[in-house]
Amino acid sequence: MRQFPDRRPAGEALLDVVDLKTHFVTERGLVRAVDCVTLSLERGQTLGIVGESGSGKTVLSRSIMGLLPRNARREGKVLFEGQDLVPLSARDLRDIWGAEIAVVFQDPMTSLNPVVKIGRQITETLRHHLRIDKDEADETAIALLTSVGIPEPKRRFNEYPHQLSGGMRQRVTIAIALSCGPKLLLADEPTTALDVTVQSQILDLLQAKQRERFMAMVLVTHDLGVVAGRTDEIAVMYAGRIVERAPTYTLFTEMRMPYTESLLASIPRIEHPSHTRLRAIPGRPPDLVNPPPGCTFAARCPYAQPRCEQEEPPLLPAPTPGHTFRCWYPVGTPEGREAFERNLAEGRPQTLAAAQAGPA
Amino acid sequence: MPELPPEPPTVVPAAGVELAIEAVTPAPNAHDNDRSAKRRLGVMFWLSIAWIALVVGAAALADVLPLPDPTDPGIAVARSAPGEERVLGADSLGRDMLARTVHGARVSLIVGFSSIAAGLLIGGAIGVLAGYFRGRFETIVMGAMDVLLAFPALVLALALVSFLGPSIGTVTLAIATLSIAPIARIIRASTLTFAQREFVLAARTLGAKNRRIIVSEILPNVLPAALSFALVAVAVAIVSEGALAFLGLSVPAPEPTWGSMINEGRTLLEQAPHISFVPSGAMFLTVLSLNFAGDSLRSRFEVREGRL
Amino acid sequence: MSARFLGKRLLQLLPVLFAVSALSFLLLNLLPGDPTIAILGPSATEENRAVLREELGLDDPLPVRYVNWVADSATGDLGRSYVSNQPTLEAIKQRLPVTLELLLLSQLLALVIAVPLAILAATKPNGVLDRVSTSTAFGFLAIPNFMLGVLLIYLFAVRFRIFPATGYTPFSENPAENLRSLALPAITLGVAELAVYLRLLRTDLIATLQEDYIAMAQAKGLPKAYILLRHALRPSTFSLVTVAGLNLGRLIGGTFVVEYLFALPGIGALTVESIFRRDYIVVQGTVLLVAVGYVLANFLVDLLYGILDPRVRHARVAA
């Protein structure tokens, strides 16, 4: 088996994303899907990236990998084990894809080839990267199927994707991702397309595998509930930027960015009385071709003040180490509270909506 | 539940019509990713329209234009090449090629447009009704279309010509009849995709009668695509007329049609190739323009699915 | 794959056979022209003609004649030509190989060129190769086959005497000559098919390449050529298979123009000659043949679908 020695000098993160920008060249103009993102991840750690549709979270995970369509332009650095992936050629990237960095896509029905047997979809990765012969690959694949919790692996090996249930298919894609022992796993909304009952099973599986193999994992999702108990750190994305980043517990207890607060507030809770109105975030994400000046969330923010619409807030540190955020009038601070009261008095609709709909 | 690919078709495309249409109208779930290349109607589209307009104009004004009688022999030296005496030369009987080509255009265009118009009317009605009402009606009607498609086209055409004698009307009738089945099939497929959509269900829930639903919900969706492949169908019809004329089954001599002109020039390829090539060129450009225009319109009307 | 399912399909297609043959029987017998004159010549006496009419059963009512014909056909007796008195089945047996060979060669030609070209074009949509081949395909589609035939004859038989303009040499006599004599006709037929296949496959491939599972395959680090051939190609061939398969069935009856142009003794030529000679018995036979070809082609396509797409295979078993 090929060895993937740990090349980085001690103390360096496994993944270091520095000022990553991804733009798409379209007829309407340049779409800034990922706008200056910096984050880092160590082996064995899990980073959750949370954001609504259109926030750029999927593009981010693809950008880290380098799997982007033709009209995409990347800038910045993606350091994987100290090596910058951005300038690498497609050939070199292919050596890394599948072997050192692996992906689990959202919809297992469409990410598995319907006319190719399950077995081959696993063994082809094995045979390409590890150069083992057919028999060994077959055996390894069956072992992998067992390890992800698929009963009757030998039978499933020869079946086609449509013969398996949704949850099982996702287990297969996880098996494929894990097959060559990657150091980093990018899970892009791995449970969104699955039944609720199956979701936690899959997440548990991912967590277990990660621990087993000491992998770094990036969990991309729109669902705060998914990342709540399963990540070490969470980054909240909005309009292509990271607007808040903190260790998980800190994020939930000491959040600063109003967007994060709104996201959290929009989750319906079982302890709410019946018929509590759902707290949605009014408005829509901004145009990524011509973003408005100032803070991109200002138009929907209950706390927004005139400054927010003119000056863009930089990433500021919060008291707890490892916690950064972008806001002029953050939640839980005197300035923030004043701003909220002011807006409430003025009758700003976003603030009224935030104040009305049920307890946060 | 396994997802099935498009249902295997149970009919055979008739001579040329459906095949050409299928080539330029890919299966419903295949979509082009060439964005700006085909999105806007470009230069080529307008060039095609210009040529079509030219041919239609010339054909319509054929009698008024200062052209010699296309059936008048001996106007020029027989088989003279283009440029020697007449602009496009003369044929084996000394008739003016330009005049013959223009008059031939008339036949081709009349046959092409009217046969497809009739085919669209009848085949379209059948297709929409079958696709909307489904059930036993659909099975019977599409079965009949099946039979029509399986029938060798040439035999039908020959039978009609033998019955009714060769004339422009007979040819139009033959081609119209042959176009009904493929058109019905394509329009039915198109109707099916729309009839299953929610807005139809919504209309029905609101109490709209079937007739109203068909006219105000289904037709506006089916029509644009239908019209754009109608252009392609006209091209095929023109070729079919040409083929029939080539075999002597279209309008009889001395009235010129492109197909018969090509046939006439067949034996003289060595001495006077222009006799076949002039009408060939005209037909080629016309068919190409119609194909191109139809395909551009189709690209434009196609609902585009976004990716990522 | 379930034999029962296939059997059912076959049964479904049988009514079409009957309908087609009935329709053509009706049509042909309503046509003007008295076969007895064609057989006995214009100078035959009314008496002789009446006798012949009796013999051939031409005075029986139409439905009776049809039933008789069906019964006879089932045993392989397709009647005898009014003109040559040759059993129709014989005539068909003689002519069919020519048409079949022509079809085979033209389809082969079309596929051998279209498939690799489509694959290359789909890898760079709107690239040079893609645009050139699409425009050329468009151009080919616009050339009616009789025109193309004339053009090819002019170029390759008249100007540069590489291929013969007309005539046919059977394979058994001289393979090389046989291929030479079929070259131009096969190209004529094949070119139009080539354009269609190229467009179909290229479009389907481009669509397939946008699917998630292709992105997934890329994310696994698999090489491009492998992904193209082992992941993208198979799902993209459905339209192609349908059209190619149905083409074979359709063309059996549709090669007439080419056969006429190149003077090939095939089924198409037989059909039309017979119509002109009022030899309706033979026409009836060839129409039946075409319908059978259609049934078989449909059947073949269904078979291929099952082989190519496992989802269809399993849905059938379940159903």
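**View 1. Arg245(A) and its bridge partner in β12(A).** Arg245(A) has Thr324(A) as its bridge partner in β12(A). Strands β10 (residues 241–247) and β12 (residues 324–325) of chain A run antiparallel and are joined by two bridges. Strands here are DSSP runs of E, at least two residues long, and helices are runs of H or I, at least four, numbered from the N terminus. The model is predicted: local features need pLDDT of at least 70, side-chain atom pairs count only at pLDDT 80 or more, and totals for chains, interfaces and linings use all residues. Residues are numbered from 1 along each chain as its sequence is written, while chains are lettered from A and ligands numbered from 1 in the order in which they are written.

**View 2. The open sheet of chain A.** Eight strands of chain A line up as β6-β7-β8-β3-β9-β10-β12-β11, with mixed pairing. Two strands pair if DSSP finds at least two bridges between them. β6 (101–104) and β11 (316–317) of chain A are the edge strands; each has a single partner, so one side of each lacks a neighbour in the sheet.

**View 3. Where chain A touches chain C.** Here 25 residues of chain A contact 18 residues of chain C (contact: C-beta atoms, placed from the backbone, within 7 Å). On the chain A side, α2 (90–96), α3 (108–111) and α4 (118–130) each give two or more residues. α4(A) gives the largest share, four residues.

**View 4. Chain C.** Chain C has 15 helices and zero strands. Its C-alpha atoms fill a box of roughly 85 × 60 × 35 Å, taken along the principal axes.

Notes:
Two residues are in contact if their C-beta atoms, placed from the backbone, lie within 7 Å.
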